[in-house]
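Please have your viewer ready.

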Amino acid sequence: MQLSEDRWLSLASAAALVLAGTAAAPAAAVTAPTEGEAGVRYLHYQDRQPGNPRITVHGYAANVLAPIGARWVLAAYGVLDAISGASPAYYTAPASLVRLTDRREGVDVRMSRYRGRQRVTLGVADSRESDYVSTSVSALYAASSDDQNTTWTAGVSATRDRIDPVNRRVVGERKRIAEMLLGLTQVLTPRDIVQVQLTHGNGRGYFSDPYKLFDLRPDGRRQTALLLRWNHRVEPLDATLRLSARAYRDSFGVRSATLGAEWAQQLPHGWTLPPGVRLYAQPPARFFAPPDPADPDRPNLPPDYRFGQSLISMDQRLAGLGAASAALKVEKRLASGASVFFKLEHYEQRTTWDWLGGGGTA
């Protein structure tokens, strides 16, 4: 069972440069790590709507970063998710909830070679569920200026998905997505660093959701996103303010805006406390069929709807909506160099929070 529409623009997360909370200059430089890292995580996710605890996910993840000689670095990440609960077949109507259980196994491996102020990274990723298999390959190039205050990044990736839903609505459907990324990271002052990333994806194939009632989407999708980040070091408080803004649009008619802020506060004895907030809004997709306000728990078909021919979706993720999230992370760095952390995040979305003014309810 798919938990998200697309695993789109994963290249952006792979290419994201860490904007350091200390001195700004090293954050923009392309330098090979000299020490290895390893970590394990437990993740718990609960999706609820009033009266219905919908989706529960228990996840286990591990990552490793290993320098090999002076120029090579291997990075690997693996995840195992156990998924259970219920997902709506249309809108968020309780009457349409369908029970589900699934298991996802994913791995992402990347090999980087450093030479001078340049880095070339090749990667392969694979994610498997009972009804969805996704495989991707990627290439990323990064280079720093002579003064190491500017870094340019460029990347490409290709993803191939196979969809075999358990309800057999379709069999062996395919989807292919090609993506590109361009990025610039610039040190402005000893306390300020900014980053700009442009990502674009072009996909062909099966984009409908086979588990949604009356769901027929175009067989192609173009997606573009622009991400801006700014980190400002506040020396008197031993903290860093991290601001971000993201604009997105696609050929489905969805356009969205995301605003984020985080305050990374350094505390005595190796403790870090970075609370953060994020706001999101999107108008509905052009083929989203909103529910009838007089009878919101029933599918609402447009008067000119033709089964199997008209583009339509009652997926609440394509409705006009707004969302807000708040996160709190507590991290402790140990004397050995290891660290432990706990992160709690609450996310809530409502159709009345669409501050872009697109309308549309689910």
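## A loop, a sheet and a patch

Pro-296 is found in the loop between strand 14 (276-282) and strand 15 (321-333); strands here are DSSP runs of E with at least two residues, and helices are runs of H or I with at least four, numbered from the N terminus. The model is a predicted one, in which local features need pLDDT of at least 70 and side-chain atom pairs count only at pLDDT 80 or more, while totals for chains, interfaces and linings use all residues. Residues are numbered from 1 along each chain as its sequence is written, and side-chain values use heavy atoms, with hydrogens and water left out.

Pro-296 counts as partly exposed because its relative accessibility is 41%; buried means under 20% relative accessible area, exposed over 50%, and partly exposed in between (1.4 Å probe, protein chains only). Not counting residues up to four places away in sequence, Pro-296 touches Tyr-91 and Pro-291, where contact means heavy atoms within 4.5 Å. From Pro-296 to Ala-225 there are 71 residues in sequence and 33 Å in space, C-alpha to C-alpha.

Now to the paired strands. Two strands pair if DSSP finds at least two bridges between them.

| Strands | Sense | Bridges | Example partners |
|---|---|---|---|
| strand 6 and strand 7 | antiparallel | 13 bridges | Ser-138 and Ser-157 |
| strand 7 and strand 8 | antiparallel | 14 bridges | Ala-154 and Leu-182 |
| strand 9 and strand 10 | antiparallel | 13 bridges | Gly-201 and Gln-223 |

Ser-145 sits in the loop between strand 6 (132-144) and strand 7 (150-163). Is Ser-145 buried or exposed? Ser-145 counts as buried because its relative accessibility is 13%. A polar atom of its side chain lies 3.5 Å from the backbone nitrogen of Asn-149. Leaving aside neighbours within four places in sequence, Ser-145 is in contact with Arg-117, Thr-150 and Trp-152. Thr-34 is 111 residues away from Ser-145 in sequence and 21 Å away in space, C-alpha to C-alpha.

Trp-152 leads on to the surface. This residue lies in strand 7, and Trp-152 is partly exposed because its relative accessible area is 45%. Trp-152 forms a nonpolar patch on the surface with Leu-182, Leu-184, Val-196, Leu-198, Leu-226 and Leu-228, with about 570 Å² of accessible area together. Patches are made of residues with over 30% relative accessible area and no salt bridge, joining like charges within 9 Å and nonpolar side chains (Val, Leu, Ile, Met, Phe, Trp, Tyr) within 5 Å. A salt bridge is a side-chain nitrogen of Lys or Arg within 4 Å of a carboxyl oxygen of Asp or Glu. Strand 8 (173-189), strand 9 (192-205) and strand 10 (220-234) each supply at least two residues of the patch.

Lys-175 is also worth a look. It is found in strand 8, and Lys-175 is buried because its relative accessible area is 3%. The side chain of Lys-175 makes a polar contact with the side chain of Tyr-132 at 3.1 Å. A polar contact is a pair of N or O atoms within 3.5 Å; within protein, one must be able to donate a hydrogen and the other to accept it, and residues adjacent in sequence count only if both atoms are side-chain atoms.

Technical notes. Areas by Shrake-Rupley, 256 points an atom, 1.4 Å probe, with all protein chains shown as cover.
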